[in-house]
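Let's walk through this structure together, starting with how its two parts meet. Have a look at it first, and then we'll go step by step.

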Amino acid sequence: MAGRVAMAILLVASGAAAAGGAERRAEVVNTQVQRKIDVSTQFAKVVTTYTVKGTSGSYKFALPADAQDHLAFMSVTMDKAELEFELDAPSPGRDSAGEGLVLYSAAVERPQDKEEVKIAVKAVYTDVLTAFPKEITQLEEQSVVFASTLLAPSPYKTVKQTTTLKLASPKILSMTEAPSKRSVKSDQVTYGPFEDVPPFADGGELRIHYVNHAAFAKATSCLREIEVSNWGNIAVEEHYDLVHAGAKMKGGFSRMDYMAKKHAELPNPSFRKLDAYLPAGASDIYYRDNIGNISTSTVRHNLGAVELSVLSRFPMYGGWKNAWYQGYNLPTEAGLRHSGSHFTLEMPFGPPFPSVWVEDLTVKVILPEGAHNIVALPPFEGVSEARTERFTFLDTTGSGRPVVIMKMKNVVKEHNVMLKVTYDFNRARMMMEPLLLAGFFLACFLAAMAAGRVDMRIRRGGADAAPTKG
Amino acid sequence: MARGRSCAAVALALASVLLFTAAELNAPGTTGVLQASIGGKRTLVLADGPQIQDSHSMFFSALEARGHELAFRFAGSADVPLTSFGEREFDNLVLLAQSLSGAVEKGSKAVTVADIMEFIEDGGNVLMAGGDSMGTLSRSVGALCGVDFDPQGSRVVDHFTAVKDEQLGELEGRGVYANTAIKGEVAADNALYLGSYSAGRDGAVVFSGVGHEVDDENYLATKVLTASGTAYSADPTNSIGKFPENAGRDTLLVSAVQARTNARMLFTGSLAMFSNRFFTLPEAGNNVFCSEISKWVFAERGILRASSITHTRQDGSDAELLLKQKERRDLPMSLFPEPEIAKNSQVYRVKDNVTYSVVIEEFDSEKGGWRPYTAEDVQMEFVMLDAYERITLEPGARGLFKKTFTVPDTYGIFKFRVHYRRPGYTVLSFSTQVSIRPFTHSEYERFLVAAYPYYASALSVMVGFLMFCAAFLYSKDEAPSTKASQ
């Protein structure tokens with residue numbers, strides 16, 4: 001009876017078509033759910049592969065609501081093809097079983113010849129590994145706690161599911177027991193298989209406490225400036241404010257202990273080296289901070305990328321901060337295309353460090369003076385955009401160089417895709433600067449010539465200007 | 001038990017919320033200890049053997065009635081981490097043991113002095129009662145906290161106040177040990193320690209055990225209970241040859257110590273004091289006394305909290321900002337870096353009248369949690385290395401302490417500092433930084449009377465110069481004589 005009333009409400013609320021969809025959805029079954037959680041770095045990368053039978057139109061999947069603030073990146077793929085997805089508004093028909101979850105629905109087109117489809121949901125979370133203990137000394141190991149649920153909740157019935165955790169080390173201090181459903185193989189922990197899981201079942205808490213010595217490098221802020229010159233150069237400069245976001249270091253720092261550990265190649269909660277992958281063709285690379293040039297960096301030219309390894313001035317321990325900037329030049333062929341006077345700039349959006357996550361990213365694109373019809377096409381939602389202008393060398397007209405400012409929060413490696421900015425620019429205007437310089441020097445010479453021809457003497461010289469007697 | 005746990009959880013959650021909101025309201029640049037943690041209820045009892053659960057059941061049930069979750073561990077199996085992964089497993093430790101000695105089970109590790117000291121440094125509270133044969137563990141913990149117990153074998157003896165009762169045990173006042181169950185005298189006349197206990201109404205505290213002493217200059221320790229003037233501390237089984245270990249009121253029976261981390265400790269050399277036998281002695285106040293003093297030790301009383309720290313000019317206007325957040329043009333960061341100076345520094349001028357205020361509250365679990373604190377002696381110092389001003393804040397409604405004062409005629413970086421230490425209360429110590437600037441040029445007085453001579457001299461020089469010019473231009477020299485030129 002209650003079910004019929006609920007159905008009636010649903011019918012009134014969403015119309016007959018939606019109800020038809022709901023009916024079809026009732027047949028959807030996950031024949032297999034495989035969840036792979038990679039917590040071997042400072043991130044939690046969760047890839048859940050749903051093998052689905054009987055879906056058509058849309059497929060719903062659930063993510064924990066309390067981790068939603070930490071969700072940096074998400075993508076849904078089916079056979080390596082990206083799928084569109086959107087957040088589901090909570091529907092009145094949903095019961096309390098889905099509490100604490102956020103539902104998404106992805107648009108799925110099932111191929112006619114296949115009965116089952118595989119949908120992979122990839123979610124990257126930042127700041128979910130809690131250091132425990134919160135403070136360690138230089139000689140202690142850094143251990144973290146990861147908490148999730150034993151099962152991946154789904155609004156559909158699941159025939160069989162497993163959860164695999166990839167840890168940073170085989171040193172596990174404690175983990176959730178699941179009798180006869182858990183196997184540990186070195187740094188891999190598998191829970192399952194669990195069979196015939198009802199909808200929205202989460203199976204209780206999954207908590208694992210393990211040693212993790214990955215670099216907990218968090219950039220509290222990062223500013224990237226991409227300055228385009230139509231004379232053939234794209235200058236990129238990046239400013240970082242970095243912090244070690246792992247277990248805070250307590251007690252003093254001993255250089256001797258640090259070196260001893262380093263020589264013995266023992267795992268160490270600190271890091272010093274960060275690798276960046278710059279676009280191919282990057283040249284004139286520099287790495288500096290407020291003091292000046294930092295000499296500890298190496299550059300390797302690989303196929304398709306320039307690998308820059310930067311070493312900080314000091315090893316980074318928990319809670320320690322560091323700030324620096326780095327930059328390089330790129331020929332315009334590497335990022336700028338044009339057809340006539342319409343230009344398209346394509347540059348990486350995120351910072352080039354795969355192991356760093358950025359809390360607050362600002363990307364500034366500085367276009368040449370005179371650029372107009374500027375359209376910025378950031379690759380993601382949630383990028384705020386602003387405009388301003390900048391006056392630097394040889395900017396003469398009142399408008400200055402147009403600057404597009406884009407800001408985004410919680411940026412990870414997966415965000416490092418191409419940012420597109422298009423603009424119109426009259427190429428003849430490029431001659432403005434040389435003409436300006438030529439004009440200035442011409443004016444100087446003309447002034448000098450004119451000055452040379454003016455007789456500034458008070459008394460006239462020559463024979464006819466003999467001194468008067470008197 | 002479950003109810004107690006949920007109550008504690010609610011109290012903790014409430015405390016954290018309050019702390020958060022309090023931190024929001026304080027003036028920028030405020031640092032220090034604004035609040036000590038209120039008493040948690042996870043209590044560990046370390047004892048020599050399980051018989052303590054029977055012999056001291058009245059004391060334990062009084063603790064349980066107040067919501068404490070008691071965990072018992074005994075010598076030999078005392079494998080219990082006081083802290084794990086840097087976090088305290090318990091809020092309170094009750095050490096009711098002689099020595100905690102005994103064979104330790106295989107694979108387990110006995111509690112050490114270092115464990116207990118680390119626990120105290122993390123802010124855990126300790127109630128420690130030793131006994132007649134007090135071991136090195138208890139003695140070392142006491143010594144590290146400034147409490148020196150009298151040597152092994154000694155007892156506090158008093159022939160005048162001794163209690164003689166059939167209930168007393170073999171070691172507590174019979175036979176050779178006659179006259180060792182004595183009545184103590186309350187030394188700390190402070191309701192924060194003693195609560196509702198009063199010796200006149202509830203009867204004296206009966207004590208049997210080892211005395212101790214505390215350095216008179218130890219301001220972290222408070223003498224709660226002393227022996228009477230006729231008591232002395234010595235080995236009752238031997239004759240006293242020299243001077244006894246301690247004599248008279250210098251023999252301390254119960255001492256309270258509050259560490260610099262606001263952790264609280266209670267030391268006594270009598271295990272029997274907390275026992276059912278002594279609780280039920282006729283005319284003995286042990287029951288009320290032990291229960292009340294444990295409320296202080298377990299931070300259920302006398303916790304202070306400061307919040308809403310503000311400072312303004314007397315007319316209510318806020319301090320200026322040293323470096324106003326200027327709207328900067330968009331410029332390349334590496335060529336035009338941000339200046340490396342402290343921003344948003346609060347600035348007053350010398351001779352400004354500044355009003356400082358702070359809200360102080362007191363926690364008492366029996367009187368319904370946090371309530372306004374009243375006192376006439378809360379002082380605030382205005383400090384630049386030295387205190388330039390030391391003023392007593394005026395108490396107002398709802399725990400508000402406030403006072404207006406004139407900033408000294410010295411410029412520099414100052415702090416409003418409150419360091420409030422009173423017996424029985426946790427210590428408040430916090431400061432708020434402000435800058436004091438000199439007068440700007442436009443703020444000095446103009447046309448002072450004292451400067452009139454200078455004005456007059458400047459004007460007179462000008463007038464004189466005009467007169468000289470006029471005289472020089474419009475006077476004519478005598479024509480030179482032709483004779484002289486030839």
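A polar contact here is a pair of N or O atoms within 3.5 Å; within protein, one must be able to donate a hydrogen and the other to accept it, and residues adjacent in sequence count only if both atoms are side-chain atoms. By that rule, 5 residue pairs are in polar contact across the interface of chain A and chain B, both residues at pLDDT 80 or more. Keep in mind that this is a predicted model, where local features need pLDDT of at least 70, side-chain atom pairs count only at pLDDT 80 or more, and totals for chains, interfaces and linings use all residues. Residues are numbered from 1 along each chain as its sequence is written, chains are lettered from A and ligands numbered from 1 in the order in which they are written, and side-chain values use heavy atoms, with hydrogens and water left out.

The interface also has 3 salt bridges, each a side-chain nitrogen of Lys or Arg within 4 Å of a carboxyl oxygen of Asp or Glu. One of them joins the side chains of A:Lys364 and B:Asp330, at 2.6 Å from N to O.

How many residues does the contact take from each chain? Chain A gives 18 and chain B gives 11, with contact meaning heavy atoms within 4.5 Å. On the chain A side, that makes 7 nonpolar, 5 polar and 6 charged residues; Ala, Val, Leu, Ile, Met, Phe, Trp, Tyr, Cys and Pro count as nonpolar, Asp, Glu, Lys and Arg as charged, and the others, Gly among them, as polar.
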